Amino acid sequence: MAAERQVTGGGRRGGGGGGGGGGGAGPEENKENEKPAGAKAGSFGDSLGLEILQIIKESQQQHGLRHGDFQRYRGYCSRRLRRLRKTLSFKMGNRHKFTGKKVTEEILSDNRYLLLILMDAERAWSYAMQLKQEANTEPRKRFHLLSRLRKAVKHAEELERLCESNRVDAKTKLEAQAYMAYLTGMLRFEHQEWKAAMEAFNKCKTIYEKLASAFTEEQAVLYNQRVEEISPNIRYCAYNIGDQSAISELMQMRLRSGGTEGLLAEKLESLITQTRAKQAATMSEVEWRGRTVPVKIDKVRIFLLGLADNEAAIAQAEREETKERLFESLLSECRDAIQAVREELKPDQKQREHSLEVDSGKVSNIQYLHSYLTYIKLSTAIKRNESMAKALQKTLLQEQQSEDDGKRTARPQDLIRLYDIILQNLVELPQLPGLEEDKNFQKEIGLKTLVYKAYRCFFIAQSYVLVKKWSEALVLYDRVLKYASEVQAQAGAYKNSLKELPDVQELITQVNAEKYSLQAAAILDANEAHETESPSQVKDGKLLSERFETFCLDPSLVSKQASLVHFPPGFQPIPCKPLFFDLALNHVAFPPLEDKVEQKAKSGLTGYIKGIFGFRS
């Protein structure tokens, strides 16, 4: 309770979580303080009711569990507890002293007292789930996790005990019993007490199935969802008790749901790994393309044993999201196996070089195993991209039929990128060590390359059609037919290996249809161009000042860039201004003017000295 009270106090500062901060109650919080939906009057003579599963599911979805945020949900439970205690005047003492109080049958006059205990259980449960997430990196938190689960079970027992009162209706009693059985089953599951956990989950399942059959379909949805959630847990407990058939059912549940969540997720993955590890003890070698290779690495054995199951699961998956997840899981396991082989290759480098010298052209067993695993990885990547391409083609076809606007539509360019990646993977396959001399393998990869080149070329042509480049698209369609005819001509002995590839004959039929529609679209586009350019509207490029005598409709004349005259105008030659020369001036003799000019007397000290010494001029 100390940790839970600390969260309650921290809620006053307003952390993350729905329902607002602890400082003041908003409109939604005030509604929560009212009697929950489905509740009845609160007098002593009336029966009390509480929609337990509906309340916890709505609260979880609105306050963090939609994204797996258990800490946010725990904070919400703490704040709601504080608001309920304040509304019901059911405070645990004051700020100076803590006074423990328990809800008893005597004060059970309002169904919010039941809600108070339910929120206590939910707070403890959410804290346990938060610690479970953190226990992956900090194993010591597992002890605290079990303590919080026991606390949640204790609150659920108290809720079930109070619901046994005559004041509570029958439906609430059943829901309280189912809730108690669910939390008990989770606690026993964590303690690995499989028989007790299975009994508790079966009890919970039975109650919810009865409740689902007693109400309408809309009301039964929540109960059926809870049954589906606990069914994998029941099968896992049955497997651990000794039911060997349960593992196949668990795999089917995992496949249908697209993944596992909650308590069962990690345990189911480890169970699959353990089952394959037991089978791997009997596996010693693998055969590929006529050569038998010993397998001594445990991780590689486990991967090769599960390869067929993973491929079967991918083939059975109906949803594209499930297929994508399974492909990614298979590729991840394959990378781990390849890494394990690479670690074995490093100390074996000298031995491999010696074996190459002794038997030239033949790689060692460990290197050939590495080539085999790389082949599996590249082939799986090709299948994944091909699956994505098929889904994208389907989406592209649906959008062409519906022609909805407002969303980003699929384009042929997206498919081109996928086929580019496929071709890159195919280029790497013939270069694997140990397969250089395998002529059949090289021929098979060459045919596959031609098939995917044809499809890539087809979608490039489709992208040209969208921008009305008819000539380029027609040339590319002819290239597609060329690739397809080469595949049909060479595929005599390799039909079995080409079964998994896209159908080339279907592509030829589609290309022929597209060629005819392309030619028709090109003709219609040319006719529309001629209609829009009538002779009276043809613009000869002349300015208005140069074609006054010809009438022509020119839309540019009423625009801001009208072609009227040349501006600035060009240079033109003009006569220059004449120059005048006075030839008589050179032959005129002007009279002397010395006597007319007034002589000024020189004065000053310099003039006086020059006068004494006779220097005066």
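Modeller: A charge sits over a ring if NZ of Lys or CZ of Arg is within 6 Å of the ring centre and within 35 degrees of the ring normal. Here, Arg291 lies over the face of Tyr368, 4.5 Å from the ring centre. The charged end of Lys171 sits over the ring of Phe215, at 4.4 Å from its centre. This is a predicted model, in which local features need pLDDT of at least 70 and side-chain atom pairs count only at pLDDT 80 or more, while totals for chains, interfaces and linings use all residues. Residues are numbered from 1 along each chain as its sequence is written, and side-chain values use heavy atoms, with hydrogens and water left out.

Biologist: How many aromatic pairs does the structure hold?

Modeller: Rings of Phe, Tyr and Trp (its six-membered ring) pair if their centres lie within 6.5 Å; planes under 30 degrees apart count as stacked, over 60 as edge-to-face and the rest as tilted. The structure holds 19 such pairs. Tyr208 and Tyr223 have ring centres 5.8 Å apart and planes at 25 degrees, so this pair is stacked.

Biologist: Where in the chain do Tyr208 and Tyr223 lie?

Modeller: Helices (H or I, at least four residues) are DSSP runs, numbered from the N terminus. Tyr208 is in helix H8 (residues 194-214) and Tyr223 in helix H9 (residues 217-241), 15 residues apart.

Biologist: Are Tyr208 and Tyr223 buried or exposed?

Modeller: Buried means under 20% relative accessible area, exposed over 50%, partly exposed in between (1.4 Å probe, protein chains only). Both Tyr208 and Tyr223 are buried.

Conventions. Helices (H or I, at least four residues) and strands (E, at least two) are DSSP runs, numbered from the N terminus.
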